[in-house]
Amino acid sequence: MSGSRLPRLVGLLSLLLAACALPFVLSNFRLFQFSQVYIYAIAILGLNMLTGYNGQFSLGHGAFYAIGAYVSAIMMDRWNIAYGWTLPVAGVLCLVVGFLFGLPALRLEGLYLALATFSLALAVPQILKYFEHWTGGSQGIVLSKPNAPFGLKLNPDQWLYFVTFAVLVLLFWLGANLLKGRIGRAIVAIRDNHIAAEAMGINTALYKSLVFGVSAAYTGVAGALSASVIAYVAPDSFNVFLSVTLLIGSVIGGLASISGAVFGALFIQFVPNWAQDISKAAPWAIFGVFLIGFMYLMPFGIAGGIRLLWIRATRSRVPQEGRSAVPTQAHTTT
Amino acid sequence: MPILSVHGVTVRFGGIIALDGVSFDIEPRQIVGLIGPNGAGKTTLFNCLSRLYIAAAGTVSFEGAPLLTQPAHRIAGLGIGRTFQNLALFPTQTVLQNVMVGAHCRTSSDFLSNALKLGWVAREEAACRAHAEELLDFLDLGLVAHHPAAGLPFATLKRVELARALASRPKLLLLDEPAGGLNHEEVGTLGALIQRIRTERGLTILLVEHHMSLVMQVSDKVVVLDFGRKIAEGTPAEVRRNPEVIKAYLGSEAA
Ligand SMILES: Nc1ncnc2c1ncn2[C@@H]1O[C@H](COP(=O)(O)OP(=O)(O)OP(=O)(O)O)[C@@H](O)[C@H]1O
Ligand SMILES: [Mg+2]
């Protein structure tokens, strides 16, 4: 175990450094794309907690993303509140909404839960249009990007990139702590065998609702960040397609995986663009081919695939260690 | 005072009466065997005590307090641990993680303190892990500690379930056919292990088993069920001589 800790730490640190160097080598547009990747990664980590780790399906996480985005946009637009304050507010609000939605959802299993969350995703854009006075209706709300504080010599895109990245690091650290400790074990135990989990003293109903809340909070913070990074919110950017996209990112990245959230985010950010480059006429057909190809090559998601490659590479060197290193988190739920 | 007192417990599934007014007591630090032919209601009684099944009638008290009003997730915390006849492990989690889940009711860190990895959470986690590792050693599971539960042999998984139950530091341990998948020699070792658990850890044990030699060897008292009714109760010697018991077993063998 401790043998794999050092390379992992070195790897993480180099990634951290590389991410901090990006703003000084990439164009503003590319930088914007990477900010979007981080935002998706946060949202997908939230979805992974719920679907991958806890086994509750959601086809409606776009709804929480939308709530987060609008809470942030309305606070900034109406009350001139700084974007930084809108993030925790969006998170807490989505935590509460997610928890409350999770309570009745306890009665629903598998596909039925997927349908219930799907209807949430269907409803939210229309609800947003209905409260036109607050949300600007179909026109949405146009925002301005914040400038870097303390006279830092960064343009808004560079600054927002750093903000987004800092939030990502914080939320991934919190999420990893949560998932690797007592609570994370209980969350997975519920997915694996909910009756045994209950018999081991886990209040499965409460935990499932809480996981729903935390998951919604992550996705809501992601939405709130997107409001600032895109500097615009409109109901139609949060339609059902967003929910499906997040689920695709979650599955392709690796359902019960923390790093998988980043891989999934890269996929949903860049692969549609590549598909567009390959064929202007039928980009979604190309996207579909990518999707099927990835699923075929890496049935446990990109994170699972990388882990398998890693095990194969290390096993040939240290034969005894590989045996215990079978990927346990790469499993999908049944 | 008995540690567990079962009184007139009845469980129905549609038309089937799985348990029919069953009553018996268990004294602290006793090993009580619960036997009976297939379908007699032994597992149903366990599920009743775990609050996974609802009793249509009857009462159960554990350490003098009513048990059947408690929700299922409180039972482990009260001090009743159990294993499952057909295994109910968490297949994607490692053996060590499975055992650590067993300690859920003895640990208390919540969502927020876990996410923030506060100092006391790390200490609690380390203590929980140390206790789990000690149990793995005790049950000879050290070699598979980091192996996922899925894919291990049945008899090994039975021991993992025992370790997981012990991790909750129970006062009363319910064992549902712990000898499943064991050969003759291993059954003998298990008998000694069950007695060790009682003497070293001071536990009370309710043991469901079809291996008569094992039950008769370790039990202070044996309760016999047949078609949901208690047909005998007494020392192993008494039960072995009981004509009703002989009839129930011969009857089921003839069928
Ligand atoms: N969930 C259930 N739904 C319907 N019937 C059930 C259920 N659980 C148990 N039964 C029925 O209750 C009766 C008692 O079953 P139980 O599993 O308690 O027997 P057992 O004594 O544990 O048998 P075995 O030695 O085969 O494990 C059986 O007739 C069984 O079919
Ligand atoms: Mg049984």
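User: Contact means heavy atoms within 4.5 Å. What share of the contacts in chain B with a separation of 6 or more joins residues 24 or more positions apart?

Analyst: This is a predicted model: local features need pLDDT of at least 70, side-chain atom pairs 80 or more, and totals for chains, interfaces and linings use all residues. Residues are numbered from 1 along each chain, chains are lettered from A and ligands numbered from 1 as written, and side-chain values use heavy atoms, without hydrogens and water. For chain B, counting contacts with a separation of 6 or more, the share from residues 24 or more positions apart is 67%.

User: What is the radius of gyration of chain B?

Analyst: The C-alpha trace spans about 60 × 40 × 35 Å along its principal axes. A compact globule of 255 residues would come near 18 Å (2.2 Å times the residue number to the power 0.38, over C-alpha atoms). Chain B agrees with that, at 19 Å.

User: How far apart are the mean positions of the positive and negative charges of chain B?

Analyst: Chain B carries 24 positive and 24 negative charges (Lys and Arg against Asp and Glu; His and chain ends not counted). Their mean positions are separated by 4 Å.

User: Which residues have the most contacts inside the largest nonpolar core?

Analyst: That core (buried Ala, Val, Leu, Ile, Met, Phe, Trp, Tyr and Cys joined through side-chain atoms within 4.5 Å; buried is under 20% relative accessible area, 1.4 Å probe, protein chains only) has 103 residues. Helix α2 (residues 28-53) of chain A gives the most to this core, 15 residues. Beyond four places in sequence, Tyr38(A) touches residues including Leu22(A), Tyr161(A) and Phe165(A). The residues with the most contacts inside the core are Tyr38(A) and Ile42(A).

Technical notes:
Charge placed at Lys NZ, Arg CZ, Asp CG, Glu CD. Buried < 20%, exposed > 50% of the residue type's maximum accessible area, 1.4 Å probe, protein only. Helix = DSSP H or I, 4+ residues; strand = E, 2+ residues; numbered from the N terminus.
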